[in-house]
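I opened the notebook today to go through one structure, with the sequence beside me. Here is what I looked up, entry by entry.

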Amino acid sequence: MSWIESIQKAINYMEENLLNDLTMDQIAQEVNSSVFHFQRIFSILTDMSIADYIRRRRLTLAAQELMNTEHKIIDLAYKYGYDSPEAFTKAFRKQHNVTPSEARKLQGPLQSYNRLIIQVSLKGAEPMKYKIVEKEKFQVVGVKRTYNCQNGENTQGIPLFWDEMNNKGMDDALLKLNNGEIKGVLGVCVPDKNYKENSLMDYWIATEHVGEVPDNLLTMEVPAAKWVVFEVHGPMPDAMQNTWKQIYSEWFPSNPYEPAGSAELEVYSDEDPFSPDLYSEIWISIK
């Protein structure tokens, strides 16, 4: 089953069980995936976490029911998974910009999130440039933080992590240490060693380095692997985000490889990140 088929099967499962207590484990098991990898690919393809999708769909259905039935707001709050009418009202207002009572009186437009349908996009005029390389184990040095993929913490936290480290001059410090084969500063995504039981990931801002590790930095050995290396052209962050989507919506469905489930790398040069001519790379271990 391709990732596209897996995502759609999971969406169908979520839609059929929107009013039940859904867990990430249940959803991932439905498509024979780990929580970590399923949540990561879902967020790349849809720009939202699974928790966000479920919440938005429930509040969309709740709004429809408010306007078309006489059911009490307190009953709808419990029906759509909220512990109290107050929690329901807060979430409802955040999505729709009106309270449930105002929605019932047809006061103001509502924000509707429709059921997702994942499709493969064929864009022959935009070829992807890549190469397959085999690389022995190597060392990266840098800083890391751990994020929970289940609640979308990674998508919110990683950009803030980069901003914080760039403000501290970490990118310049890492470039000075960069003496390995991969040139530039790396964003390294690594599933927790118990990722099959949880949805945690380590995210590193690092560089490939041969030699002793400075006291203020951590080190990690990236195991030997076969990698597919994609070229990324254009300013950040759009070029990187668009390439990730293209990889999982076009390249993997059209090629005989699968992600191996180990580290994934984003490689950034020391050039202007907003330059239209900026060259970067994405490395994904494959099997």
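**The sheet**

In what order do the eight strands of the open sheet come? I worked from a predicted model, and there I read the order as S1-S6-S8-S7-S3-S4-S2-S5, with the strands pairing antiparallel. I then checked the edges: strand S1 (130-135) and strand S5 (218-222) hold these places, each pairing on one side only. From one strand to the next, I noted an average twist of 30°.

Next I picked one pair to follow. Strand S2 (residues 138-148) and strand S4 (residues 200-208) run antiparallel, and nine bridges join them. For Val-141, I found the bridge partner in S4 to be Thr-207.

I also looked for a helix against the sheet. Helix H8 (residues 153-167) packs on it, touching S2, strand S3 (185-191), S4 and strand S7 (259-268). The direction of H8 makes about 130° with that of S2.

**The largest pocket**

Which residues lie nearest the centre of the largest pocket? I wrote down Trp-162, Pro-237, Gln-241, Glu-266 and Tyr-268, out of 41 residues that line the pocket. Its volume came out at about 1200 Å³.

Sorted by kind, the lining residues divide into 18 nonpolar, eleven polar and twelve charged.

**Pro-237 and its bond**

A cis peptide bond joins Met-236 and Pro-237, with omega at about 0°. I placed Pro-237 in the loop between strand S6 (225-233) and H10.

**Salt bridges**

How many salt bridges does the count come to? I got eleven, taking a side-chain nitrogen of Lys or Arg within 4 Å of a carboxyl oxygen of Asp or Glu. One I looked at was Arg-57 with Glu-15, whose side chains meet at 2.7 Å, N to O. Arg-57 lies in helix H4 and Glu-15 in helix H1 (residues 3-16), so this pair ties together parts that are 42 residues apart in sequence.

Last, I stopped at Asn-32. Asn-32 is not a glycine, yet its phi is positive, at about 55°. I found Asn-32 in the loop between helix H2 (24-30) and H3.

Methods
Residues are numbered from 1 along each chain as its sequence is written. This is a predicted model: local features need pLDDT of at least 70, side-chain atom pairs count only at pLDDT 80 or more; totals for chains, interfaces and linings use all residues. Side-chain values use heavy atoms; hydrogens and water are left out. Two strands pair if DSSP finds at least two bridges between them. Helices (H or I, at least four residues) and strands (E, at least two) are DSSP runs, numbered from the N terminus. Axes are lines fitted to C-alpha atoms, for helices over the stretch in contact, and angles run from 0 to 180 degrees between N-to-C directions. Contact means heavy atoms within 4.5 Å. On a 1 Å grid over the protein atoms alone, a cavity is a set of points where a 1.4 Å probe fits but cannot get out, and a pocket is an open set with protein on both sides within 12 Å along at least five of seven lines; lining residues have an atom within 4 Å of a point. Grid points are joined across faces, edges and corners, and a volume is the space filled by probe spheres set on the points. Ala, Val, Leu, Ile, Met, Phe, Trp, Tyr, Cys and Pro count as nonpolar, Asp, Glu, Lys and Arg as charged, and the others, Gly among them, as polar.
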